[in-house]
Amino acid sequence: MSTLEQENHSNENRRITWEGCSVLLDINDGDRLVFSRLTAGSIVKIGNKNYPLQPLIGCPFGSLFQVENGANGPCLSRVISTAEVSNDEDKKECDLKDESRDNRALIDNNTAQTLTGDDIEGMRRQGASGNEIVEALIANSATFENKTSFSQEKYRLKKQKKYAPKVLLRRPFARRFLRVDTLSLLLSFANVTAHSDVLVVDMIGGILTGAVAERLGGTGYVCNTYRGDSPSSIEIVRIFNFGDEINKRIVRLPLADLSAPPNADSKDMELLQASGSPVSMEETTVSSKDGRPTTETVASKVHKAAKPGEKASEDAIKLWKENGFSSLIIAAPEVDAWGIVKEPLATCMHNLQVEKMAIGLQITEPWLREYQCNLM
């Protein structure tokens, strides 16, 4: 298989999980989010039980799994949605629109449920599934039929989360430390597009670096710079499940090297670049002129998977010193200028403009809200 065919095959497989990839487990529709790496021995704890993640390997992102009692103990079983389930959901929506009942006559005194905890444990020991337990709770509830359709669905969902939790297999995304609208504004204002060279100051674990690399798609470079000798961690980049083509485009470089004269430390850079490829010694048996076999030691380069955050090459540094970067993005919680009111930001922007310390400044308010505000 050629290199191009391997890359295309790898890109197609990015839609399907593989052993060693990072995933985001969405438990019970956002009640709990868990980052996990899929291996043969990895587990996730739901309630007071551990469930192996082996069944998730080889499944497409977006698959839904449900907790079940298997022959070898608790396990996650994939749920396949059908047209029958969709029709039931449409029917429930119609019932909600035509609702005429209410809950005024219901009294919550904890006596409506006749099924006890011991009965539920007995059903579990007999191998009953979570859905069967939920249906048994509904059948033994004295007030379920008198509730409104909305209350019935609410009751069913509450019991389902407890006795038949579901796990949605999601692709990891950049969200932690940054609201999704803030990250989108950063990428948009910085004009991060294909074949761009973006300089970033990422002090939030690598989310910004990974988001820029994902937008570049294996073209251009994202250079993570820092002050001093200790770079900031970009550990979160590995959760993106990037391939070698994108990982080798994520580099690091101290700010001192970028600001140094073009000819400074050129010898050191050449030595570093020359020693960058690991070499292994292999013994090869060849025939001499008299027919006796002799052994020769041949040096061969070892193919090593690209890791994000390697030191930038000398050619790239020289190009950046001559032409600069396409944009600069800074994400540093201790340095960023932000506030809940605009007046201090306006004063800061005015001072920067007067002192001619920056250009193209603007104050932006993120648009995303957790709830709708109506102006009176």
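Which elements are included in what covers the buried residues of α4?

## Helix α4 and its cover

The cover over the buried residues of helix α4 includes α3 (117–125) and α5 (149–163). Helix α4 spans residues 130–139, and its buried residues are Gly130, Ile133, Val134, Ala136, Leu137 and Ile138. Buried here denotes under 20% relative accessible area, exposed over 50%, and partly exposed the range in between, with a 1.4 Å probe and protein chains only.

## Basis of the model

The model is predicted: local features need pLDDT of at least 70, side-chain atom pairs count only at pLDDT 80 or more, and totals for chains, interfaces and linings use all residues. Residues are numbered from 1 along each chain as its sequence is written, and side-chain values use heavy atoms, with hydrogens and water left out.

## Overall composition

The protein has 12 helices and 14 strands; these are DSSP runs numbered from the N terminus, helices being H or I of at least four residues and strands E of at least two. Of the 376 residues in the protein, 31% are buried. The accessible surface comes to about 25,500 Å², with 51% belonging to carbon and sulfur atoms, as computed by the Shrake-Rupley method with a 1.4 Å probe, where for residues only the protein chains shown count as cover.

Contacts (heavy atoms within 4.5 Å) were also classified by sequence separation. Among those between residues at least 6 apart in sequence, 63% join residues at least 24 apart.

## The parallel sheet

Five strands form an open sheet in the order β13-β10-β9-β8-β14, with parallel pairing; two strands count as paired if DSSP finds at least two bridges between them. The edge strands, each pairing on one side only, are β13 (310–311) and β14 (327–331). Within the sheet, β8 (residues 197–202) and β9 (residues 221–226) are joined in the parallel sense by four bridges, and Val200 has Asn224 of β9 as its bridge partner.

Helix α7 (residues 207–216) packs on this sheet, where it touches β8, β9, β10 (250–254) and β14. The direction of α7 makes about 165° with that of β8; axes are lines fitted to C-alpha atoms, for helices over the stretch in contact, and angles run from 0 to 180 degrees between N-to-C directions.

## Antiparallel pairs and hairpins

Four bridges pair β3 with β4 (residues 49–52) in the antiparallel sense, and Ile46 lies opposite Lys49 in β4. The hairpin of β3 and β4 has two residues between the strands, and in it Gly47 adopts a positive phi near 70°.

Strand β5 (residues 64–70) runs antiparallel to β6 (residues 73–79), with seven bridges joining them. Glu68 has Cys75 in β6 as its bridge partner, and a hairpin through two residues joins β5 to β6. Strand β5 also pairs with β7 (residues 166–170) in the antiparallel sense over three bridges, and here Leu64 stands opposite Leu168.

## Aromatic groups

Rings of Phe, Tyr and Trp (its six-membered ring) pair if their centres lie within 6.5 Å; planes under 30 degrees apart count as stacked, over 60 as edge-to-face and the rest as tilted. By this rule there are four aromatic pairs. The ring centres of Phe240 and Phe242 are 5.2 Å apart and their planes lie at 20°, so this pair is stacked. Both Phe240 and Phe242 are buried.

Tyr221, Trp320 and Phe325 make up one aromatic cluster. The charged end of Arg249 sits over the ring of Tyr221, 4.9 Å from its centre; this term requires NZ of Lys or CZ of Arg within 6 Å of the ring centre and within 35 degrees of the ring normal.
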